[in-house]
Amino acid sequence: MTHATLEVVRHPLIEHKLSFLRDKRTGSRQFRALLEEITLLLTFHAARHLKGKEVTFDTPLETMRARRIREDRLVVVPILRAGLGMVEGVLRLVPGARVGHLGFFRNEETLQPVRYYGKLPPEPAGCSFLLVDPMLGTGGTAAAATSELKQHGAREIRLMCLVAAPEGAARMAETHPDVPVYTAALDRRLSDVGYILPGLGDAGDRIFGTLPGA
């Protein structure tokens, strides 16, 4: 399998927090907090490409020039519903970013993504799109969401996830070789029913407290 577009962001804080995120004893409240914190750390890395424009301003002592980015040129797009848990982590670093939404659910028989919702900011030219979803499993949903952004006119797209399976990383590299993928961990493989192993379970259910018996 090729993972040519995948970058695993390695940092002791990410590894530490991810261990608690994976732990089945971690409840929804702590899970959401950890997810936001790891997203913030990943965003710091994934936003390295943003270009600033030189501006002039006064410090308390003198006039100087420095670079500032156009925050509204970053569009964060969560894949519903689990991707919603990552939005605040991005906005804590780039509060002026715009937010789009793409909704997919997985057909549990075919494992194929089914689109049910889409709302994206107009005029995508000149914008950088950051697609977010905690899990990159089969890669079907991520690939479909990326195709949707391209059809919308997006030209600069990055995907950010917390945990990736080799199968999903390979699919993204094959179908969208121009899209960098950032993840906190590359896990072992997919299970027979398409879940990442060792993974962290169903991210959406753990975020929103909709696990069976919860």
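## Close-up views of cavities, pockets and helix contacts

**View A. Strand 8 gives the largest share of the lining of the largest cavity, with three residues.** This is a predicted model, in which local features need pLDDT of at least 70 and side-chain atom pairs count only at pLDDT 80 or more, while totals for chains, interfaces and linings use all residues. Residue numbers start from 1 along each chain as its sequence is written, and side-chain values use heavy atoms, with hydrogens and water left out. Helices (H or I, at least four residues) and strands (E, at least two) are DSSP runs, numbered from the N terminus. A cavity is a set of points, on a 1 Å grid over the protein atoms alone, where a 1.4 Å probe fits but cannot get out; a pocket is an open set with protein on both sides within 12 Å along at least five of seven lines; and lining residues have an atom within 4 Å of a point. Grid points are joined across faces, edges and corners, and a volume is the space filled by probe spheres set on the points. With this rule, one cavity of 30 Å³ or more is counted, and the largest cavity holds about 50 Å³ of space. Look for T43, A46, A47, H49, L50, L74, S128, F129, L130 and R158 around the largest cavity. Helix 2 (28-46) and strand 8 (128-132) each contribute at least two residues to this lining. Sorted by class, the lining has six nonpolar, three polar and one charged residues (Ala, Val, Leu, Ile, Met, Phe, Trp, Tyr, Cys and Pro count as nonpolar; Asp, Glu, Lys and Arg as charged; the others, Gly among them, as polar).

**View B. The largest pocket has a volume of about 670 Å³.** Its lining is made of 28 residues, and R106, D133, M135, T141 and D202 lie nearest the centre. Strand 4 (74-80), strand 6 (101-106), strand 7 (113-119), strand 9 (135-136), helix 4 and helix 6 (203-208) each give two or more residues to the lining of the largest pocket. That lining divides into 14 nonpolar, nine polar and five charged residues.

**View C. The second largest pocket contains about 330 Å³ of space.** Of the 18 residues that line the second largest pocket, K51, R73, G126, S128 and E156 lie nearest its centre. Strand 2 (52-58) and strand 3 (63-69) each supply at least two lining residues. Here the classes come out as six nonpolar, five polar and seven charged.

**View D. Helix 1 (residues 12-22) packs with helix 2 at an angle of about 155°, their axes 10 Å apart.** Axes are lines fitted to C-alpha atoms, for helices over the stretch in contact, and angles run from 0 to 180 degrees between N-to-C directions. Helix 1 and helix 2 are therefore roughly antiparallel to each other (over 145 degrees; under 35 counts as roughly parallel, 65 to 115 as roughly perpendicular and the rest as oblique). The crossing of helix 1 and helix 2 is left-handed, meaning that the near helix is turned anticlockwise from the far one by less than a right angle, with clockwise making a crossing right-handed. In contact (heavy atoms within 4.5 Å) are L13, I14, K17, L18, F20 and L21 of helix 1 with Q30, F31, L34, L35, E37, I38, L41 and L42 of helix 2. The contact of helix 1 with helix 2 has eleven nonpolar, one polar and two charged residues.

**View E. Helix 2 and helix 3 (residues 84-93) pack with their axes 8 Å apart, at an angle of about 50°.** Helix 2 and helix 3 are therefore oblique to each other, and their crossing is right-handed. On the helix 2 side, L35, E36, T39, L40, T43 and F44 meet G85, M86, E88, G89, V90, R92 and L93 of helix 3. The contact of helix 2 with helix 3 has six nonpolar, four polar and three charged residues.

**View F. The axes of helix 4 (residues 140-152) and helix 5 (residues 166-175) come within 9 Å and cross at roughly 25°.** Helix 4 and helix 5 are therefore roughly parallel to each other. G140, A142, A143 and T146 in helix 4 meet R171, M172 and T175 in helix 5.

**View G. L80 and R81 are joined by a cis peptide bond, with omega about 5°.** R81 sits in the loop between strand 4 and helix 3. L197 and P198 are also joined by a cis peptide bond, with omega about 0°, and P198 is in the loop between strand 13 (196-197) and helix 6.
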